[in-house]
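Hello,

Here is the structure I promised to hand over. My notes follow below it.

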Amino acid sequence: MKKLGCLVVLLAVLAAIGVAGLSGRSDFFPFGREKGDGSIKIIAEGQPDDAMMKDVREATDAFNRTMEQVMGIRLQRNVKVYVGGTEADYQKILEREFNLPPEEAKTIADISGGWTGGKKAVTAINGKAGVMNSSSDRISTTAHELFHQVQYELSDGNDTDEQALFWLEEGSADYVGADLAARLGGKSMQKWILDVKAELMGAPRTVSPQSLQHNTLEQRKALMGKDLHSYQMSDLMTWYLLTTRAKGHEGEKLAQYFRQLKEVKQGEAAFQNTFGISLEDFLRQFDRWWKEEQTKPAVLHIEAREGVSQALARSLEAETKAVQTMFQSRLGQQLHGEYQIVLANNQDDLAEAVKTYCSIPEDKAKELAASSLWIENGSTVLLNASQIESDRQQSFTVGVMLMRVMLGQRMGQPERSVEWLMRGSGYLMGVARLGEKGLGTLPQYQRAWLDSLRKAGRLPQLAQMSTADGFRQVSQSYSDDTASVMAEYATAELVSRRGWPSLIRWAEAVRTTGDAQKAFRQIFGQSSVDFEAELQSRVQRQLVNAR
């Protein structure tokens with residue numbers, strides 16, 4: 001973070017609300033730099049849980065060794081890493097070790113996962129921060145903070161926002177954190193960068209790369225919006241830089257850049273001396289590339305785990321291409337971005353895949369695998385291939401799955417969605433895919449849906465299914481099939497009135513307005529409440545007349 005004083009540092013932290021791996025720098029404090037042997041001492045504040053301490057210890061044990069392997073360096077001073085068991089403990093560390101006033105320390109504790117002071121060789125970790133949900137997260141955050149210590153040492157304290165480039169300072173720390181986590185069995189580097197891309201593509205708005213260079217106080221105020229995704233943009237810029245200008249020598253080039261800061265004390269000059277391109281030219285290249293990435297058809301990496309037949313993998317790959325073509329013809333656009341589709345052999349293998357690819361704890365992974373055909377986690381979709389052996393199942397599932405991913409990407413805020421419409425859109429696209437293969441027409445499916453609702457004996461309330469919790473409750477009270485049928489029947493009615501593209505226009509309106517209900521009225525011409533009541537009465541009459 002910047003070294004413009006306490007107020008500016010606080011603004012820098014606030015600017016990054018909502019991004020994973022929030023960290024702080026506190027190098028404006030006038031402490032000396034004592035030499036040491038690079039040892040890292042972990043000090044627990046309060047009672048951090050065992051998993052937290054284990055992962056912090058694993059990260060610190062591996063840090064210097066990994067730095068020597070990838071950069072040919074190691075810490076030169078002894079560093080203290082304080083781990084707060086609670087947010088209150090973390091706040092105490094910030095007050096005591098960084099001399100922050102209580103009010104300011106509390107604000108920082110509320111929103112940050114870590115805080116580093118290079119001059120004092122002290123790092124603090126917030127053991128209860130929202131970013132610490134998995135082992136991979138805890139390891140990467142610890143390494144991120146320790147790399148800020150490396151930046152300070154290599155640059156001889158010139159790694160400040162007045163001199164260094166903000167995006168490369170934070171992006172390189174995230175890069176090193178992700179790399180160490182991957183080496184220690186966490187999320188892969190591919191998963192890390194694909195998640196970054198997916199989050200940025202789904203973000204309603206993002207910070208401009210040009211504003212992530214050197215920031216004045218007023219510019220930092222402008223970055224305070226929590227949905228700007230400043231860290232993710234910094235990560236993407238750093239990854240693109242290293243991929244295009246330092247392939248195979250990523251660590252060495254990062255070390256060289258911070259050494260250059262020591263010599264020239266100016267980020268732009270250090271950047272050009274290290275990477276052989278001016279910052280201005282690099283930003284132009286990055287902007288052009290990122291715009292192309294956001295508009296080209298999605299790249300889907302299908303990975304078949306052991307026991308999954310290659311024939312099934314090829315069949316699903318063909319289905320993804322067919323669904324993309326269907327998206328273009330029906331919706332007027334295709335899915336963008338880059339995703340992994342992981343095919344698991346059975347339920348147990350799905351749980352193992354969720355644990356491995358997503359760094360989700362084993363008990364939670366098993367719970368998800370037991371209740372799901374497929375699981376979406378950022379840029380990764382994991383599928384139980386044993387449940388989709390027939391041609392019909394494959395076509396329907398891929399249609400549903402990719403439509404859900406498409407809507408989430410266009411919407412950017414799926415938690416604000418109308419749940420029955422989100423789910424119904426996916427089901428309807430799966431049915432449409434079956435129709436294209438001659439496996440039934442929409443009118444035939446609609447009659448079957450009504451028959452299914454009639455046999456259920458009672459009609460679920462569509463209005464109760466507008467939230468995720470409500471949909472879940474209806475599914476438990478009736479059945480998953482009954483809730484799903486009601487959702488797809490209602491969605492089919494909207495499509496018959498407004499056309500297939502209305503589904504995407506609605507998702508994009510949610511992204512723009514931040515309000516699913518407002519977007520519904522804007523695209524479908526009436527409130528969701530009125531439509532739900534109208535549809536409910538209509539279905540009820542049809543069921544009565546069918547008796």
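Helix H18 and helix H20 cross in a left-handed sense (left-handed if the near helix is turned anticlockwise from the far one by less than a right angle, right-handed if clockwise). This is a predicted model: local features need pLDDT of at least 70, side-chain atom pairs count only at pLDDT 80 or more, and totals for chains, interfaces and linings use all residues. Residues are numbered from 1 along each chain as its sequence is written, and side-chain values use heavy atoms, with hydrogens and water left out.

**Helix pair**

H18 covers residues 442-456 and H20 residues 480-498; they pack at about 140 degrees, axes 10 Å apart. Helices (H or I, at least four residues) and strands (E, at least two) are DSSP runs, numbered from the N terminus. Axes are lines fitted to C-alpha atoms, for helices over the stretch in contact, and angles run from 0 to 180 degrees between N-to-C directions. From H18, the contact (heavy atoms within 4.5 Å) includes Trp 449 and Leu 453; from H20, it includes Met 486 and Tyr 489.

**Sheet**

Four strands form an open sheet in the order E6-E7-E9-E8, with mixed pairing. Strands pair if DSSP finds at least two bridges between them. E6 (299-304) and E8 (374-377) are at the edges with a single partner strand each, so one side of each has no neighbour in the sheet. Neighbouring strands are turned by 15 degrees on average, direction ignored. E8 and E9 (residues 380-384) pair antiparallel over four bridges. There, Ile 375 stands opposite Leu 382 of E9. Helix H13 (residues 310-331) packs on this sheet and touches E6, E7 (338-344) and E9. The direction of H13 makes about 165 degrees with that of E6.

Best regards
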